[in-house]
Structures are given as structure tokens and as C-alpha cells.
Amino acid sequence: MIADRAAFIRANTRLLPVPHAPEISLHLADEATALWQRTEEELGAIGLDPPFWAFAWAGGQALARYILDHPDTVAGRHVLDVATGSGLVAIAAARAGAASVQAVDIDGFAEAAVGLNASANAVTIAASTGNPVGTDAGWEVILAGDICYQRDMTEAMVGWLAPLAAAGRTVLIGDPGRTYLPRDRLDRLAEYEVPVTRELEDFEIKRTAVWRLVR
């Protein structure tokens with residue numbers, strides 16, 4: 001078991017600026033496979049999910065950039081960052097003046113990573129571990145980066161988020177055009193050329209959009 005997740009993260013990452021949002025620094029890993037294997041070894045388990053919390057994925061970078069450039073999207077509002085990973089998008093929302101920011105992920109390491117990254121960027125974020133699908137805590141803005149890479153996950157997320165959008169909440173998705181992105185339910189707000197690591201993606205630069213869920 002890894003008793004101190006924060007210590008494990010500090011030992012296996014470096015605090016680095018995010019390529020497409022250099023105002024923000026995160027604890028990032030240099031190599032995905034090595035960290036993945038090290039996590040499994042330390043936990044004595046195999047078949048774990050990749051360490052999504054240790055990388056700045058394309059959708060999250062685009063969404064963070066959009067929030068930083070359009071702070072009125074979140075300023076003074078209560079925000080949820082779902083599938084938060086490193087907490088990049090949550091940090092951007094806090095930096096942009098959100099009244100409160102919650103960040104949730106099913107991976108307990110993400111909760112620890114968000115705590116470290118929030119501290120490194122001098123912002124306050126309420127991080128938690130769990131699956132928020134089906135819940136509604138009155139958020140005014142829901143932000144979701146890189147949620148469309150699996151069919152089941154996409155269907156569950158959109159099935160939960162669509163009624164919230166219909167009720168007047170702002171629901172924004174950052175995505176580089178992954179297979180299950182429901183384009184027919186989205187309006188594109190912005191597009192960016194986002195630097196990513198070739199170890200995780202098929203290109204070093206991913207054209208990535210920020211979308212608003214409208215139906």
C-alpha cells in the first residue's frame with residue numbers, strides 16, 4: 001500500500017508549467033509507462049487505470065486556456081471540475097475568480113494531486129474522490145476535460161450533464177476530437193493547437209476544441 005499518496009506523487013513527478021497554460025504549474029510525470037508500473041508495484045496490483053493525474057491532457061489544457069482567457073465564464077460562480085485528474089481545469093477556474101471550485105475524480109491519487117497542485121498555485125479547491133454522475137450540488141458551471149475516450153463513460157457523463165445544461169447550467173467540455181465526442185449535442189466555442197506528450201497521444205500537437213453542451 002502507498003500510505004502517503006502526496007509523498008509518492010512528489011517523489012515521481014516534477015513541478016512544471018503547463019505547455020498551453022504556463023500560468024499554471026503542475027506535478028507532472030516524465031514517463032507514463034514507468035509511473036504506471038511503479039504505481040502497480042507499490043500497490044501490489046495489476047490492471048490499474050493509467051495515472052491520468054500525472055499529465056496535462058489535451059482537453060484539459062484547452063479548457064484551462066479558455067477559462068483563463070474568458071474569466072467571466074466562471075467568475076463569481078460555483079464550479080465543478082469532473083474527472084479532474086491533476087486539477088488543471090479546477091485551478092484555472094479558481095485563478096479566474098470562481099466563487100468556489102470542487103474537483104472530483106474516481107482515482108484517489110487525483111485527490112492528492114489536486115491538493116498538491118492547488119497549493120503550488122496558491123488557490124483553494126475542494127477535492128474529493130468519487131463518481132458524481134447522478135448528483136446535483138447546485139453547481140452553476142460544470143467543466144469536463146477529456147471524458148469522451150470510452151463509450152460507456154461518455155454516455156454516462158452526457159446522460160448526467162445534459163439535463164443540467166437544459167436546466168440552465170453552463171457545461172463545457174474540452175476534447176481533441178476523440179471517438180465518442182457527441183458533436184451533434186455541442187456548440188464549439190474555441191479551438192487551440194495544444195502541445196502534448198507523444199507517449200500519450202498520436203501527435204505532439206493536438207487540435208483541441210472547447211465545446212458547450214446544449215442538448
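Among contacts between residues at least 6 apart in sequence, 67% join residues at least 24 apart in this protein chain. Bear in mind that this is a predicted model. The secondary structure comes to 6 helices and 9 strands, and 52% of the 215 residues are buried.

- Seen as a whole, 7 strands make up an open sheet with mixed pairing, and their order is 5-4-3-6-7-9-8.
- Strand 5 (126-129) and strand 8 (186-195) sit at the edges, each pairing on one side only.
- From one strand to the next, the twist averages 20°.
- Helix 3 (residues 58-69) packs on this sheet, where it touches strand 6 (141-145), strand 7 (170-175), strand 8 and strand 9 (205-213). The direction of helix 3 makes about 110° with that of strand 8.
- Over at strand 5, the partner is strand 4 (residues 100-105): the two run parallel and are joined by 4 bridges.
- If you want a residue pair to look at there, Ala-103 stands opposite Ala-127 in strand 5.

- Strand 6 is mostly covered, with 5 of its 5 residues buried.
- That goes for both faces: Val-141, Leu-143 and Gly-145 are buried on one side, and Ile-142 and Ala-144 on the other.
- Strand 3 (residues 78-82) pairs with strand 6 in the parallel sense, over 4 bridges.
- Strand 7 also pairs with strand 6 in the parallel sense, over 5 bridges.
- Phi of Asp-146 is near 60°, a positive value in a residue other than glycine.
- Asp-146 counts as buried because its relative accessibility is 10%, and the cut-off for buried is under 20%.

**Helix 1 against helix 5**

- Helix 1 (residues 5-12) packs with helix 5 at an angle of about 70°, and the axes are 9 Å apart.
- The two helices are therefore roughly perpendicular to each other, a label that covers angles of 65 to 115 degrees.
- On the helix 1 side, the residues in the contact are Arg-5, Ala-6, Phe-8, Ile-9 and Arg-10. They meet Gly-108, Phe-109, Ala-112, Ala-113 and Leu-116 of helix 5.
- Sorted by class, this contact has 7 nonpolar, 1 polar and 2 charged residues.

**Asn-117 and the end of helix 5**

- Asn-117 is found in helix 5 (residues 108-120), and Asn-117 counts as buried because its relative accessibility is 0%.
- The side chain of Asn-117 reaches the backbone nitrogen of His-27 at 2.8 Å.
- Setting aside neighbours within four places in sequence, Asn-117 is in contact with Ser-25, Leu-26, His-27, Ser-86 and Ile-91.
- Ala-122 has its place in the loop between helix 5 and strand 5.
- Phi of Ala-122 is near 55°, again a positive value in a residue other than glycine.
- Ala-122 counts as exposed because its relative accessibility is 72%, and the cut-off for exposed is over 50%.

**Helix 4**

- Helix 4 (residues 88-95) is mostly covered, with 7 of its 8 residues buried.
- The buried residues are Leu-88, Val-89, Ala-90, Ile-91, Ala-92, Ala-93 and Ala-94. Of these, Ile-91 is one of the contacts of Asn-117.
- Gly-97 follows helix 4 and has a positive phi, near 100°.

**Phe-52**

- Phe-52 has its place in the loop between helix 2 (32-43) and helix 3.
- With a relative accessible area of 26%, Phe-52 is partly exposed.
- Along the chain, Phe-52 and Gly-85 are 33 residues apart, while their C-alpha atoms are separated by 5.5 Å.
- Leaving aside neighbours within four places in sequence, Phe-52 is in contact with Trp-57, Gly-85 and Tyr-149.

Key: Residues numbered from 1 in each chain as written. Predicted model: local features only at pLDDT ≥ 70, side-chain atom pairs only at ≥ 80, totals over all residues. Heavy atoms only, no water. Buried < 20%, exposed > 50% of the residue type's maximum accessible area, 1.4 Å probe, protein only. Polar contact = N/O pair within 3.5 Å; in protein donor to acceptor, adjacent residues only side chain to side chain. Contact = heavy atoms within 4.5 Å. Pairing = 2+ DSSP bridges. Axes fitted to C-alpha atoms, helices over the stretch in contact; angles between N-to-C directions. Parallel < 35°, antiparallel > 145°, perpendicular 65-115°, else oblique. Nonpolar A, V, L, I, M, F, W, Y, C, P; charged D, E, K, R; others polar.
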